[in-house]
Amino acid sequence: MGPAAAGGTGSGGVVGQERLRRWRLVLGGDGADGTGCALGGRDAAMDGALASLYGGGQERGQRRTAGLGASAPSVARWLGDIRTYFPSSVVQVMQRDAIDRLGLSALLLEPEMLEAVEADVHLVGTLLSLNKAMPETTKETARAVVRKVVADLEKRLATRTRATLTGALDRSARVSRPRHHDIDWNRTIAANLKNYLPEFGTVVPERLIGYGRASQAVKKDVILCIDQSGSMAASVVYASVFGAVLASMRSISTRLVVFDTSVVDLTDQLDDPVEVLFGTQLGGGTDINRALAYCQAHIARPADTVVVLISDLYEGGIRDEMLKRVAAMKASGVQFVTLLALSDEGAPAYDHDHAAALGALGAPAFACTPDLFPEVMAAAIERRPLPIPDDRA
């Protein structure tokens, strides 16, 4: 049954025509689309914007093609059109497809183009990959675009992250011989229910659970070790934002390390995640072993340290040495977390053998969304099982 038959007419004519209109927009107006529906006004403009990217409008038998023209003005007009006709989430997908399908990355080096785009995490990743080729006239505009995205991410993620980790830090500081006013009575009673004396209607607490005195001292050290190969662009963006949030917490000492075949420590720039991002160099090879060696050398309190490796695990260095380092860190008391990605897109292509080897060492590798990351960190801080998604590696 074709779209026209599926749409229906008669008493459902209005509904049927709306279905035909939608089918026509989806199918692109090729002679074989079967709708027989003509578009006008706003619909025609929407169809033109879609056809420029995904092809359409040719006669039957002709090959569908796509193109926005070679000039920045025509692309800028197209960007303006799609922002007029489609919601922000759709605009971001179309921009990404335009960059991938039509090779428009170079045009993002022009300030007027950057002012026309809808900023999102993927656009930031593309800009960072173009950073070294970016002329000075464009860099300030690019920074403004990146700063807007980072500010939006911080607004979305910071409050929940701080609240979740503050609770985890308090719980991790629980002591077994607390002062009277520091006793956590709910947890103490729950832990001693076996000692309930029915004749007296009371519980005899053999073991007290409580919190240590509040302290401004650093309770945990966190090292974020981030693979900056090209496939990890979104993860680099999110990790930089989370790094800045963690660094703003007095009870956590945060170190941020990025690597390819070399290692760069960006800890001194954590107060400004935009500077962190422009300090990265997306692309190149990968030497996880060298990066972990650097991190290992900066661990002073193993039992109070969480190391988070964010990488697709395609190791270009010494595989056996990498695994030995992870095993040594875990044996010393370090909580080691392996994330294949820190993004909303799930796991990318990754090295399954290395993921399995890390899992065998007690450091299972899995993809983590930004919304789940605070819970993962809280679990690591409290030294309890990580909340690994069901689709884990």
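Select Asp 221 and Arg 301, whose side chains meet in a salt bridge with N and O 3.2 Å apart, a salt bridge being a side-chain nitrogen of Lys or Arg within 4 Å of a carboxyl oxygen of Asp or Glu. Asp 221 lies in strand β5 (residues 220-227) and Arg 301 in the loop between α12 and β8 (305-310), so the pair ties together parts that are 80 residues apart in sequence; here helices (H or I, at least four residues) and strands (E, at least two) are DSSP runs, numbered from the N terminus. Asp 221 counts as buried at 15% relative accessibility, whereas Arg 301, at 28%, is partly exposed; buried means under 20% relative accessible area, exposed over 50%, and partly exposed in between, with a 1.4 Å probe and protein chains only.

Before moving on, note that this is a predicted model, in which local features need pLDDT of at least 70 and side-chain atom pairs count only at pLDDT 80 or more, while totals for chains, interfaces and linings use all residues. Residues are numbered from 1 along each chain as its sequence is written, and side-chain values use heavy atoms, with hydrogens and water left out.

Next, select Asp 371 and Arg 156, which form another of the 13 salt bridges found in the whole structure, with their closest N and O atoms 3.3 Å apart. This pair links distant parts of the chain, since Asp 371 is in the loop between β10 (365-368) and α15 while Arg 156 is in helix α8 (residues 136-172), 215 residues apart.

Finally, select Asp 260, in the loop between β6 (252-259) and β7 (263-265). Asp 260 is buried yet has no salt bridge, and the nearest side chain of opposite charge, Arg 290, is 7.5 Å away; Lys and Arg count as positive and Asp and Glu as negative, while His and the chain ends are not counted.
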